[in-house]
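Subject: Structure handover, charged side chains

Hello,

Please find the structure below, with the sequence alongside. My notes on the charged side chains follow it.

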Amino acid sequence: MRGLFLTLEGIDGAGKSSHIDALAVLFKAQGRTVTRTREPGGTPLAETLRGLILEQPMDALTESLLVFAARRDHVLKVIEPALARGDVVLCDRFTDATFAYQGAGRGFDTTVLSTLERWVQGGRADLGGASSAGNALLQPDITLWFDLAPAIAAERLAGARVPDKFESQPVEFFRRVAAGYAERAAGAERFVRIDASQARDQVWQQIEAALFDRGLIARSTGASI
Ligand code: TYD
């Protein structure tokens, strides 16, 4: 059985990361093995690149190349092997974030991003091929998109911690990022829009309902956050 690749996306402050623990509990309760991971990151090399990406000023092409370099290592060493084992892979951000942040947020050329996406997720044997995907583009099976107005997200983030390079961007940047997510979501059925303005337990109920509706969990387990 091939595994399930689930990603969580949304602008900074939308609250996605706070639901990963509960998702892991939920899938384990269904008898699944769970691999939890994140981007940029998920391997020692990719975590090293994450530190550079989140802290160092750089042009948008450099940033995109580093994000996809980290992703390549992560796909080959963690994501593909876990999916081949039949795991549920819970990944905090993936390529949609690159289209939203580097593409829409920074205004970088999305045709270049699409090319990098094909190289990194295309499984081509001549590029050292990802293990089980053949030539098909590796994409999440389901993407939980935490949609929240940028002004509210900024309020939630304010004072929460020392902001990184992206978190310290002005609200206009996040308006573009949010629009980028909306555009990406409109083009793919795998997206589930979660209204992240609701209270936390209501957000969780939306998540459970979406997974149940798509046949990804057998029933609600009553697992809570
Ligand atoms: P995030 O996932 O929000 O982690 P944390 O909750 O620890 O801050 O932070 C990752 C940041 O990296 C976020 O601001 C978005 C950015 N990012 C990109 O710009 N491009 C990408 O492709 C990815 C995966 C993330």
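The side chain of Glu 39 is in polar contact with that of His 74, at 2.8 Å. Please keep in mind throughout that the model is predicted. Glu 39 sits in the loop that runs between strand E2 (34–38) and helix H2 (44–55). With a relative accessible area of 4%, Glu 39 is buried. Leaving aside residues up to four places away in sequence, Glu 39 touches Arg 50, Arg 71, His 74, Ile 79, Cys 91, Asp 92, Arg 93 and Phe 94. His 74, the polar partner of Glu 39, is therefore also one of the residues counted as touching Glu 39, since contact means heavy atoms within 4.5 Å.

Salt bridges

The model has 16 salt bridges.

Asp 96 and Arg 190 join their side chains in a salt bridge, with 2.9 Å from N to O. This pair connects distant parts of the chain, the two residues being 94 residues apart. Asp 96 belongs to helix H4 (residues 95–105), while Arg 190 lies in the loop between helix H7 (171–186) and strand E5 (191–195). Are these two residues buried or exposed? Asp 96 is buried, at 2% relative accessible area. Arg 190 has a relative accessible area of 11%, so Arg 190 is buried as well, the limit being under 20%.

The pair is also part of a network of salt bridges, which links Asp 96, Glu 117, Arg 184 and Arg 190.

Glu 47 and Arg 38 form another salt bridge, and their closest N and O atoms are 2.6 Å apart. Here Glu 47 counts as partly exposed because its relative accessibility is 30%. Arg 38 has 33% relative accessibility and so counts as partly exposed too.

Within helix H7, how far apart are Arg 175 and Glu 172? They are three residues apart, which means that about one helical turn separates them. These two residues form a salt bridge in which the closest N and O atoms are 4.0 Å apart; a salt bridge is counted within 4 Å. Arg 175 is partly exposed, with 45% relative accessible area, and Glu 172 is partly exposed at 43%.

Regards

Terms used. Residues numbered from 1 in each chain as written. Predicted model: local features only at pLDDT ≥ 70, side-chain atom pairs only at ≥ 80, totals over all residues. Heavy atoms only, no water. Buried < 20%, exposed > 50% of the residue type's maximum accessible area, 1.4 Å probe, protein only. Helix = DSSP H or I, 4+ residues; strand = E, 2+ residues; numbered from the N terminus. Polar contact = N/O pair within 3.5 Å; in protein donor to acceptor, adjacent residues only side chain to side chain.
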